[in-house]
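Trainee: Could you show me how to read a structure like this one? Let us take it feature by feature.

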Amino acid sequence: MNHKNSVKWGIIGCGNIAYKFAKDLASVSNAMLYAVASRSIKKAEDFRKKHHATKTYGSYEAISKDPNIDIIYIATPHVFHYQNTLLCLTNKKAVLCEKPFAMDASQVKEMITIAKKNNVFLMEALWTYFLPHYQYVLDIISSNQLGKIKALKADFGYNSAFDPKSRVYNKELGGGSLLDIGIYPLFAALTILGYPEKINATATIGRTGVDEDCTVQLLYKNGATASLYSTITEKTDTEAVIELEKGTIILNSQFHKPSSVTIEKDGESKIVNFPVHTNGYNYEAIHAQEMLLQNRTESTIMSFEKSIQLISLLDAVRKQIGLSY
């Protein structure tokens, strides 16, 4: 990659998340949306025109072989992340892949192995990690100014009309609440409390064989607990509440997006705002570009270890609720 020029991005998949990412990428310094690919050439062409990309591809293999592209953002459904990522990595393309990274730990580990073998950058696009309000909360916790964490409670729920062919209800597309949105409360627990000592999970398995809601309890060696919930059948507060020895931190709704933070201490409440004028995907894109410009093959924030821990948590929960793909 010529460091003097713009970082040239490719996007695989032209759905809603890709649209938001492309829109935010336009605000990133030194970033250029160079090419987009979809199995539907018309969809790719419409996307290219809307986001002013240079090239359109009707196949993922073709875009992965374009010598002008520096990094590819993968925004396809969960079940395709593994094969799409391997295709790009084997063609020596850096990859920022949407969450969940893949369908299970074995796939994630193979993706990481191939990235290392080809000396190519790879990162899971867990965008929440890079948002200003989330980093602010992590800094408060690590400073110990509010003492040790006693408990975390986090939820994420929205009401999706039942459609067996839709992405969230279709088992063949990795549907269900856990992989789609339950990953966010689990991610919060992992980054705030670490990997748990014990996992207890229950779920409602619906007509299409996917979890329509999932409840997870995590227990930690130090006595801390995490109570997590996800559902695709009702709208929930979608907050993350962290109870500490000397106060409470609330990542206000919707905690996984750019949001505000409420600090409750000594009977007083303070709201800290973080004005963000994008969807928030630009922060992970900026970080990915920084990693490329530093010739790194692994993120210093969303590391391979974090991705392996996260998918391992998801695997453990799926095992308990009897959900297999």
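Trainee: Which residue of S2 stands opposite Gly 10?

Mentor: Two strands pair if DSSP finds at least two bridges between them. Here Gly 10 faces Ala 35 in S2. This is a predicted model; local features need pLDDT of at least 70, side-chain atom pairs count only at pLDDT 80 or more, and totals for chains, interfaces and linings use all residues. Residues are numbered from 1 along each chain as its sequence is written, and side-chain values use heavy atoms, with hydrogens and water left out.

Trainee: How many bridges join S1 and S2?

Mentor: Strands (E, at least two residues) and helices (H or I, at least four) are DSSP runs, numbered from the N terminus. S1 (residues 7-12) and S2 (residues 31-37) pair in the parallel sense over 6 bridges. S1 also pairs with S4 (residues 71-74), parallel again, over 4 bridges. There, Gly 10 stands opposite Ile 72.

Trainee: Which residues of H2 are buried?

Mentor: Buried means under 20% relative accessible area, exposed over 50%, partly exposed in between (1.4 Å probe, protein chains only). In H2 (residues 41-51), the buried ones are Ala 44, Phe 47, Arg 48 and His 51.

Trainee: Why do they line one face of the helix?

Mentor: An α-helix has 3.6 residues a turn, so residues three or four places apart point the same way. Seen down the axis of H2, its buried residues fall within an arc of 100° (from directions of the helix axis to the C-beta atoms), so they line one face. The face turned away carries exposed Lys 42, Lys 49 and Lys 50.
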